[in-house]
Amino acid sequence: MSSIHHSNGPASMSVNKVSAFSLTLEQKTGFAFVGILCIFLGLLIIRCFKILLDPYSSMPSSTWEDEVEEFDKGTFEYALA
């Protein structure tokens, strides 16, 4: 019986490693999209925690009812013209 010996030298291994780790354009686009989504999710989480810690800072000082009262008082008469 004769033994068959395949040469798996460093040259053939380096080619296989390079081809195993190369990404296609679709994979790169997918990874970029997922990365952008992760950054967006992180920003939303930070913003939500800021609102949870201080909910009244994000609210405006005047309300819609204040504007209606001013409209009833006649301060916005130019709107009727």
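Predicted model: local features only at pLDDT ≥ 70, side-chain atom pairs only at ≥ 80, totals over all residues.
1. Where does Leu 52 sit? Its place is in helix H2, which covers residues 25-53.

2. Together with Leu 41, Ile 45 and Phe 49, Leu 52 forms a nonpolar patch, and the four have about 430 Å² of accessible area together.

3. A record is worth a look here. UniProt, in an unreviewed entry, places a "transmembrane region" at residues 30-49. In the model, that stretch is 100% helix and 0% strand, and its end C-alpha atoms are 29 Å apart.

4. Now for the whole fold. The protein has three helices and zero strands, so the pattern along the sequence reads α-α-α.

5. Finally, the surface as a whole. How many of the 81 residues, as a percentage, count as buried? The share is 0%, where buried means under 20% relative accessible area. The accessible surface of the protein comes to about 8100 Å², and carbon and sulfur atoms account for 68% of that surface.

Definitions and conventions
Residues numbered from 1 in each chain as written. Heavy atoms only, no water. UniProt positions renumbered as here; feature names shortened; annotations may be inferred. Helix = DSSP H or I, 4+ residues; strand = E, 2+ residues; numbered from the N terminus. Patch = residues over 30% accessible without salt bridge, like charges linked within 9 Å, V, L, I, M, F, W, Y side chains within 5 Å. Areas by Shrake-Rupley, 256 points an atom, 1.4 Å probe, with all protein chains shown as cover. Salt bridge = Lys/Arg side-chain N within 4 Å of Asp/Glu carboxyl O. Buried < 20%, exposed > 50% of the residue type's maximum accessible area, 1.4 Å probe, protein only.
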